[in-house]
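The sequence and structure come first, followed by the contacts and the site.

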Amino acid sequence: MLSITDLNLQYGSKYIFRDVSVQIHTGDRVGLAGVNGSGKSTLLRIMCGEQDVDPGIVNRAAWFTVAYLPQEVSVDLGDRSLYAEAESAFDEVIARQEELERVSEDLALFDAGDPAIEGLLVRQGDLQHLLEGSDIFRIRPQVERVLFGLGFCAADLDREVRSFSGGWIMRLLLAKLLLKRPALLLLDEPTNHLDLDSLTWLEEFLLGYQGSMVIISHDRAFLDRVTSTTWELSLGRLSVFRGNYSHYLVEKAQRLELERAAYDNQQAMIRQSERFITRFRAKSTKAKQVQSRVKQLDKLERLELSETDRTIRFTFPPAAPSGRDVLHLDKVGKQYQGRTVFDDVTFSLQRGDKLAVVGVNGAGKTTLLKILAGMVEAEGTIKLGHNVILSYFGQHQAQELAGDLTIVDTVYHTAVDMTITQVRSLLGAFLFSGDEVEKQVRVLSGGEKSWVALAKMLVRPANLMLLDEPTNHLDMSSQEILQEAMAQYEGTIIVVSHNRFFVNSFVNKVL
Ligand SMILES: Nc1ncnc2c1ncn2[C@@H]1O[C@H](COP(=O)(O)OP(=O)(O)OP(=O)(O)O)[C@@H](O)[C@H]1O
Ligand SMILES: [Mg+2]
């Protein structure tokens with residue numbers, strides 16, 4: 001239905017794709033795995049035609065419609081209501097329905113045998129195929145089902161789209177996509193902005209979905225439930241594994257083990273032959289055997305171990321310690337346009353406390369962190385302790401980093417008492433080496449942007465760190481490294497995270 005043939009792409013010295021060929025068939029449910037920066041989002045953009053490649057590389061049937069949810073959005077949706085915006089998902093279907101009616105009327109005008117008929121018949125067939133399964137006579141119930149499933153409520157329907165937060169805009173885009181019922185759904189980290197209820201609803205929806213899908217997610221449980229095939233991107237190569245994510249991990253381990261065993265065997269054989277050759281080279285009675293061993297070695301196809309993806313490494317450097325009392329909040333509250341987000345928040349933290357802030361979407365977690373970081377005004381009193389130095393990691397790095405700066409400039413501007421050479425070597429630990437540090441932040445992958453934001457925290461040591469959903473775009477190994485760094489950290493931490501597994505290992509308090 002959709003095929004990619006011999007796709008190649010290279011940025012600087014980094015191969016993103018080397019001779020990648022792959023197909024999607026009707027009903028395929030694919031999980032796309034790979035470390036941060038391996039090319040997952042790029043592959044989806046190429047599949048949906050948003051990123052150009054040479055003609056002939058991507059082929060798909062005319063009726064095979066594709067819809068794509070990007071990893072990050074910065075859209076201006078204007079002043080339409082939520083309902084109107086969601087309903088516009090049907091614009092295309094309605095236009096097709098109208099075209100189908102016109103084509104049918106035109107067909108009636110021609111005599112059988114007229115050469116014009118053939119083109120019209122083909123178009124009629126395509127349109128019928130495209131319209132299969134869509135129901136334009138019951139639009140409202142469909143729109144409401146999807147919006148409510150994704151967590152919107154009845155009162156939201158008439159609200160202007162621009163009054164919603166970024167996380168909710170993502171949900172709206174997801175809703176529109178699901179309503180279009182394309183033959184192929186391409187979803188790039190759809191669960192990042194969902195709470196548990198909406199996540200469960202999305203799982204159910206996707207399980208009942210008739211079309212094909214390719215999904216990128218760092219949420220293993222979600223992938224396991226929804227997908228049945230796994231594609232892995234690693235160092236420019238795409239490998240296909242039958243089975244869901246957990247199955248892929250097992251099979252990959254087995255493949256690596258087999259490869260290792262075959263490699264070890266061959267190495268042992270080579271060493272043995274070489275010893276034989278050195279030992280008997282001078283002996284004329286063994287000349288023939290030596291010759292044959294030499295030939296055998298020459299002809300041997302040498303096995304190589306696959307390279308493995310590199311991982312980031314870092315720890316948070318210690319800052320001069322703060323006083324014992326770090327933070328005291330008394331009756332802190334926040335209202336937006338008369339709506340109370342929270343009130344009467346009162347708590348204290350002491351040096352070394354690690355606090356997780358949890359709650360449903362819209363509970364005000366991000367707002368609370370921004371208030372503490374001094375970015376948003378609030379009622380009540382907030383007292384910072386003696387010598388507290390604070391740093392902040394925001395939820396949306398795409399918006400918080402300046403896209404036109406290079407990586408090295410971004411980090412160097414924040415750094416205190418560091419040379420550019422020291423900054424470069426620090427960036428090496430985040431896998432930006434050589435020329436790569438001169439890349440503009442705009443082109444970076446979601447995870448790479450998070451790495452840059454983390455690097456910024458390292459070059460200006462703090463003793464109170466505020467982090468808002470730091471694991472959102474991170475791959476598994478980066479999450480582990482961050483988890484370890486947060487556990488080792490001697491200062492105080494306030495972290496917003498919906499990732500229970502992640503926070504469990506280091507927090508001592510929960511708000
Ligand atoms: N225009 C560009 N110029 C240079 N490098 C680019 C450009 N566009 C993308 N890249 C690089 O291509 C690589 C793949 O990016 P992509 O966004 O596809 O990764 P990803 O697998 O989706 O990662 P993540 O899990 O972090 O979202 C990254 O290293 C990125 O920096
Ligand atoms: Mg991506």
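## Polar contacts

A polar contact is a pair of N or O atoms within 3.5 Å. In this predicted model, an oxygen atom of ligand 1 is 2.7 Å from an N or O atom in the side chain of K40. The side chain of S445 also has an N or O atom 2.7 Å from an oxygen atom of ligand 1. For Q71, the distance from a side-chain N or O atom to an oxygen atom of the ligand is 3.0 Å.

Of the 650 Å² of accessible area that ligand 1 has on its own, the protein covers 89%.

## The shell

There are 20 residues around ligand 1, and K40, T42, S445, G447 and E448 come nearest. By type, the shell residues divide into eleven polar, five nonpolar and four charged.

Ligand 1 sits in the second largest pocket. Two or more residues of the shell come from each of β2 (14–24), α1 (40–47) and α15 (446–458).

Which domains give residues to the shell around ligand 1? Both domain 1 (2–247) and domain 3 (325–510) do, so the ligand lies between them.

How values were computed
Residues are numbered from 1 along each chain as its sequence is written. Chains are lettered from A and ligands numbered from 1 in the order in which they are written. This is a predicted model: local features need pLDDT of at least 70, side-chain atom pairs count only at pLDDT 80 or more; totals for chains, interfaces and linings use all residues. Side-chain values use heavy atoms; hydrogens and water are left out. A residue is near a molecule or strand if one of its heavy atoms lies within 4 Å of it. A polar contact is a pair of N or O atoms within 3.5 Å; within protein, one must be able to donate a hydrogen and the other to accept it, and residues adjacent in sequence count only if both atoms are side-chain atoms. Accessible areas come from the Shrake-Rupley method with a 1.4 Å probe; for residues, only the protein chains shown count as cover. On a 1 Å grid over the protein atoms alone, a cavity is a set of points where a 1.4 Å probe fits but cannot get out, and a pocket is an open set with protein on both sides within 12 Å along at least five of seven lines; lining residues have an atom within 4 Å of a point. A molecule sits in a cavity or pocket if more than half of its atoms lie within 2 Å of its grid points. Helices (H or I, at least four residues) and strands (E, at least two) are DSSP runs, numbered from the N terminus. Ala, Val, Leu, Ile, Met, Phe, Trp, Tyr, Cys and Pro count as nonpolar, Asp, Glu, Lys and Arg as charged, and the others, Gly among them, as polar. Domain bounds come from an automatic or database domain assignment.
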